[in-house]
Structures are given as structure tokens and as C-alpha cells.
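Hi,

Here is the structure I promised to pass on. Have a look, and then read on for what turned up in it.

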Amino acid sequence: MRRSSPLTRLRWRRRLRALVALLLLAGLAVAAWLGSPAPVAVVPLVHVIDGDSLTARQDGHALTIRLVGIDAVEYRQDCERADGTRWPCGVEARAALERLAGRGPLHCTLEGADRYRRTLAACRTAPGPAGSDLGAALVRQGWAIATDDRYFVEEAEARAKRRGIWQGHFVRPADWRGAHQRPKE
């Protein structure tokens with residue numbers, strides 16, 4: 001059996017240390033990249049489409065934004081109050097987003113695009129915690145339901161206090177869209 005020389009062992013130890021250092025640096029780079037906040041785009045508001053969609057301008061082009069984490073009642077959707085009267089909850093959801101967004105500009109964290117090529121984003125009225133999160137406010141006021149865990153607390157609060165659509169009966173927006181699909185042209 002042949003034993004390696006002390007010089008060979010020393011070379012292997014140096015290579016191993018270099019590899020460990022390289023792996024640590026790569027790990028730190030990945031952690032820094034994942035931990036960095038997503039870029040925020042400041043976009044002028046053009047038009048509110050419905051309770052969870054709006055049009056803004058970015059680089060001179062119209063940008064349709066769909067707020068992430070929520071699903072608001074559709075503009076043409078009606079709801080039913082506890083006393084049985086019908087009311088245009090979709091119109092009120094749109095008006096709520098118009099009030100919240102004001103005249104803009106909005107500070108949006110862009111998160112990709114959906115199958116309709118709308119930009120998915122979380123938008124605030126001002127940068128950082130000073131600005132109101134539009135999705136959270138809409139859910140808290142009862143004009144939208146939470147579609148992921150980021151707004152479940154706000155939805156529970158709206159349900160408990162019977163705000164907006166929670167004051168009576170409504171069809172979930174996705175179900176309403178399924179029953180009221182527009183014919184393809």
C-alpha cells in the first residue's frame with residue numbers, strides 16, 4: 001500500500017479550503033440576491049378598471065396592472081344584502097379602489113404577468129410603510145377576497161365586521177366570471 005507524501009496532502013488541503021471558501025461565497029451571494037427587495041416602479045395612475053385592476057403608465061406605454069393576492073368582485077357583479085335586496089357591489093368595489101388609489105402615482109412591486117398579459121403587482125399609495133397597500137385595504141374594507149396568505153387577516157376582519165361583500169351573500173368572483181364568460185369574438 002502506497003502512502004501519499006506530505007506535500008500531496010498539503011495540496012489537497014489547500015484545494016479543499018479553496019473549495020469551501022468558494023461555496024461559502026456563492027451561498028452568501030445567493031442569500032443576498034434572494035434577500036434583496038424586489039424593485040419598485042413608480043407609475044402614474046391612468047384609470048381604474050375594476051376592483052382589482054387598473055391602468056398606469058410606464059415608459060410612455062399603458063400598463064394594465066392586476067393586484068396580486070386578491071380577487072375583487074367584478075364590475076358588473078351584483079351582491080345580495082342580508083335583507084335580500086340586490087346592490088351593485090362590483091361598482092362599489094371599483095369606486096373603493098378609485099378612492100384608495102387617488103390620483104396616483106402608485107408605487108408597485110412588479111411580480112410578473114398573468115395569462116392575460118396583465119402585470120401582476122402589489123401597489124402602495126406611497127413608498128414603504130407610509131403608503132397604504134391597496135390589496136390589503138380592499139380586502140380589509142370587504143371589497144375583495146384574499147387569494148393567498150398575505151391578506152387572510154384582513155379578510156377575517158372584514159368578515160367578522162360584515163364589511164362590503166360580507167354584509168350579505170355574494171358569488172365568489174372566480175365563480176361569477178365562470179358563469180358570465182363573454183363570448184369569444
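For the charge count below, Lys and Arg are taken as positive and Asp and Glu as negative, while His and the chain ends are left out. Bear in mind that this is a predicted model.

On that basis, the protein chain carries 30 positive and 20 negative side chains. The centres of those two sets sit 17 Å apart.

Now the overall build. The protein chain is made of five helices and 11 strands. Its radius of gyration is 25 Å, whereas a compact globule of 185 residues would be near 16 Å. Along the principal axes, the C-alpha trace of the protein chain spans about 90 × 40 × 40 Å.

If you take contacts between residues at least 6 apart in sequence, 51% of them join residues at least 24 apart.

One bit of sheet to click through is around strand β8, residues 106–113. Strand β1 (residues 40–43) pairs with β8 in the antiparallel sense, over four bridges; here A41 has C108 as its bridge partner. β8 also pairs with strand β9 (residues 119–124), again antiparallel, over six bridges, and G112 stands opposite L120 of β9. β8 and β9 form a hairpin with five residues between the strands. In that hairpin, R117 takes a positive phi near 65 degrees.

Cheers

Definitions and conventions:
Residues are numbered from 1 along each chain as its sequence is written. This is a predicted model: local features need pLDDT of at least 70, side-chain atom pairs count only at pLDDT 80 or more; totals for chains, interfaces and linings use all residues. Side-chain values use heavy atoms; hydrogens and water are left out. Helices (H or I, at least four residues) and strands (E, at least two) are DSSP runs, numbered from the N terminus. The radius of gyration is taken over C-alpha atoms; the globule rule is 2.2 Å times the number of residues to the power 0.38. Contact means heavy atoms within 4.5 Å. The place of a charge is taken as NZ of Lys, CZ of Arg, CG of Asp or CD of Glu. Two strands pair if DSSP finds at least two bridges between them.
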